[in-house]
Amino acid sequence: MNQQNLGILIFVFLFFLSQSLSADDRDFDVEAFGRLPVQKDGRVKPIDTIARNVLLVLRGKQSVLEKGEKIPATKWFLDLVFNPARADQYKVFRVDHPEVLAIFDYRPGEEKYFSFNELFKRDKLLDIDSQLEVLTNRFLENRTKSSSLDEKSPEFQAIENDNAGIREQFGALQAKQKVLRENIALIDNYFKRIKFGEDINGNGQMDEGEDLNENGVLDPGPNPKKYTTYQNQAIKLYGALSLYDQLKSGLFMSLQLPIFGSRYSTFLKSSSKLDSAIHQVEAQGEGPLAQETIQHATLLAREELNQFGADLSRHQYDQIILKYRIAIQAAKNNSSFDGDQLNDVQVNEIFKSINEYADLYEEFEYAKSLAARNARFSVLGIIPPMVTKGTADLLTGDDIVKGNETAFTKDYKVGDQFRVGQQGPWDGLWRDAAVRDKMVEEIMSDTEMRLNYVHEGRPVYINAVFYLCVLGISALLFRRLEGVSPSRRVGTPFVFAICLVVPWLFCFGPSHVDRSNVHLHATDWQNLGENLNAAAHSAHLHPVVAQYADLADAFTRNDSTSFNNTVQEMTAQFAKLTPKMEYDLRSINFEYSFNEMQPFYRAMTLYVLVFLLVLLSWLWKPELLTRIAFWLMTGCLILHTAGLVSRIWIQARPPVTNLYSSAIFIGWGAVVLGLLFERLYKNGIGAAAGSVVGFVTLIIAHHLGMGGDTMEMMQAVLDTNIWLATHVVVITFGYTAMFLAGILGVVFLIRGLVDRSFEKETAKSMSSMVYGITCFAVLFSFVGTMLGGIWADQSWGRFWGWDPKENGALLIVIWSAIVLHARWGGLVRDRGIMILSIFGNIVTAWSWFGTNLLQEGLHSYGFSEAGFRWLMIFVASQIFLMLIGALPISVWNSPWAKSSMPQSPTSA
């Protein structure tokens with residue numbers, strides 16, 4: 001590599017780093033806050049990931065623009081959870097469908113980004129509330145003034161006239177307020193009618209307010225698989241609004257500041273006093289009469305408390321408490337008497353502790369209802385699960401967990417799930433979930449419990465096949481190198497074997513899966529409401545909840561010092577947990593750095609530059625520009641590879657697990673093949689084709705990422721990593737080859753039509769490229785399809801079921817075979833194989849995306865109108881290019897075309 005090439009690579013990395021450094025925040029330590037771990041959708045991830053994914057769902061971008069200032073995702077999330085009144089003013093909801101805009105009384109074209117306040121007219125409601133308060137104060141002041149005036153005096157008449165005007169204005173404002181509130185209710189009904197029909201609460205009965213069509217029948221909602229464009233967009237917005245609402249109280253109940261915040265202790269204090277009061281009543285008295293009286297009074301009091309609930313007045317509550325007082329006094333005297341025999345002094349002396357509790361009762365009941373709602377609807381797990389005291393051993397082929405200094409009878413019950421919290425570097429990064437996640441079938445003692453299945457490793461024959469293949473290829477290399485130096489002849493096969501065996505062990509580990517001296521922990525993190533509910537009975541609040549309350553308090557007071565200190569305390573606490581919960585917490589900081597770097601976005605930008613350089617090289621200084629394009633594309637590949645490997649490490653899964661990751665991997669494979677052909681032919685064509693596929697697939701991945709987390713948990717039926725890593729990766733390589741061949745066909749046609757530098761030698765080299773890539777495609781597509789059948793047999797119990805995805809994979813094999821046979825049989829030549837390869841793009845796109853839109857089969861992701869539209873546009877574009885390729889050779893303007901025209905016979 002000369003200095004010029006080295007300079008190009010340095011430029012790539014400087015560009016990458018300059019775009020990925022975190023913005024300096026001199027006040028609040030937003031970066032440290034963004035690194036705090038939480039659990040959502042079953043996966044533990046940093047808060048920064050949550051913030052970015054949510055903004056992608058709401059706005060389609062990872063930042064917010066507010067008054068010309070670009071607000072990063074984590075800073076926006078801070079406002080959402082700790083200062084929602086400010087967050088409600090940010091324009092984070094994208095709404096551009098005309099009918100959906102009409103729901104909120106907006107017209108198309110005026111605006112496409114809206115704040116929560118704008119959608120629900122919150123500002124207008126607050127303004128009306130403020131005006132009503134002003135009018136109320138004026139009215140009260142007037143009443144005070146008029147009370148001392150003579151009714152016949154001019155001053156009194158003036159005040160009465162002013163009051164009449166106030167009443168008129170008050171009524172008008174109340175009417176406006178009523179209309180606004182009714183409109184908000186209508187908006188809510190619009191969404192619910194689409195998603196739930198009229199049975200909004202799902203109980204199968206027509207309840208009050210559910211007969212929205214007013215026909216006396218409980219009408220169902222539309223079939224989700226047959227949503228119109230309007231319905232799809234409306235449900236998408238409804239989901240975004242629901243997610244936004246759920247996250248507002250994910251870390252801290254900001255909307256209930258009078259109850260929570262610095263008054264968490266008040267909530268717990270009132271809760272514990274309620275419990276102690278009930279226990280006090282139940283514990284008094286020894287005689288049968290006393291017990292009967294206490295039981296009667298307790299049941300009566302509880303019945304009345306449940307009846308009034310949070311709407312209980314102080315007077316009503318005092319009456320109920322009086323019955324408690326009489327019951328306790330009666331128990332002490334072992335006799336029964338009426339309440340008027342107790343005077344207030346006696347009552348207050350005996351029930352001083354209950355009186356203290358009474359002042360907090362209404363607040364506690366309201367707080368308890370909010371905590372219960374949060375426990376049900378919150379989507380964030382913020383409390384790390386319990387880690388078992390002591391360590392445990394799990395041996396291959398056994399279903400008994402043996403503990404050391406453990407307390408299984410206390411920590412677990414039958415049916416509980418737990419996770420093996422530690423994993424060595426050679427235990428297998430891609431181990432099946434069954435190796436990590438367990439379920440309790442029987443608790444035998446504090447040190448032994450039985451699992452619901454045997455703790456097994458990988459079948460030995462899989463390892464045997466792999467090592468035999470490595471040994472066989474190494475032996476072939478040894479024979480191939482006959483005649484070279486002994487060190488090279490032995491060293492080359494040895495290095496080759498090491499390069500295969502080490503990654504295999506790192507990814508899959510050995511066949512046995514013994515786990516010795518490991519910590520065990522539960523799998524589910526507690527959300528805020530769940531911990532508050534538990535704390536209401538035990539008076540024990542988890543430190544993380546109190547720390548989030550301290551963060552909220554510091555943030556609202558703009559106290560960055562206290563905020564940063566609390567974040568550092570939380571970071572240190574989670575760091576202590578990491579060795580015991582390695583699988584959950586090991587990649588939190590790494591994922592934050594990955595988010596900041598955005599390697600795929602940077603690589604996508606540079607792929608465009610590579611393609612432009614190649615186009616320019618065909619017109620000016622080809623040798624220099626193709627060399628620059630090659631090394632720049634090498635830098636792009638390094639970024640792309642870094643992003644791909646980062647996802648593999650974070651997710652602990654093979655590179656392809658869903659549509660998003662398949663797009664990333666297809667682009668990566670195309671760039672590798674493009675660089676290989678560029679190295680061989682040095683004509684810019686490999687770089688051009690590879691950069692186009694790399695850019696297009698990363699664009700596709702970017703849009704697929706707008707649905708939320710792209711590293712979601714795998715479904716259990718699919719989480720068999722040996723087949724996930726073989727079938728999906730191999731068949732995706734087949735997709736890659738077919739697309740690259742198709743793009744080369746497009747480049748061939750365009751250059752053959754208009755490029756006067758497109759010579760016969762270049763055309764032959766491109767034809768050879770497409771032929772070789774198609775051979776590669778048919779091999780990997782066939783092998784990948786067979787491996788898919790094995791995976792299907794493991795997952796669903798049948799090898800082949802004519803599922804649409806299976807048929808799509810078979811179509812790729814058949815079409816690539818048709819292309820090769822047409823070339824072998826002489827049915828097509830250079831131009832013909834290019835046209836056939838372009839049709840291969842259609843076949844591959846159908847197998848990759850189209851089968852997922854059919855709403856049928858095991859691989860269906862549901863119909864997407866946008867996906868269908870873009871797929872049809874792509875198909876139309878490929879057919880159009882094929883028609884262009886079929887134009888008579890006489891209209892082609894390249895030297896290759898001129899040489900390919902049939903020559904007229906010369907005259908004698």
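How many disulfides does the structure hold? The count is 0, where a disulfide is a pair of cysteine sulfur atoms within 2.5 Å. Keep in mind that this is a predicted model, in which local features need pLDDT of at least 70, side-chain atom pairs count only at pLDDT 80 or more, and totals for chains, interfaces and linings use all residues. Residues are numbered from 1 along each chain as its sequence is written, and side-chain values use heavy atoms, leaving out hydrogens and water.

Cysteine 507 counts as buried because its relative accessibility is 14%, while cysteine 469, at 44%, counts as partly exposed. Here buried means under 20% relative accessible area, exposed over 50%, and partly exposed in between (1.4 Å probe, protein chains only).

Now find aspartate 755. With 11% relative accessibility, this residue counts as buried. Its side chain joins that of arginine 751 in a polar contact of 2.7 Å (a pair of N or O atoms within 3.5 Å; within protein, one must be able to donate a hydrogen and the other to accept it, and residues adjacent in sequence count only if both atoms are side-chain atoms). Follow arginine 751 onward and you meet tryptophan 618: the arginine lies over the face of tryptophan 618, at 4.1 Å from the ring centre. For such a placement, NZ of Lys or CZ of Arg must be within 6 Å of the ring centre and within 35 degrees of the ring normal. Elsewhere, the charged end of arginine 586 sits over the ring of tryptophan 649, 4.2 Å from its centre.
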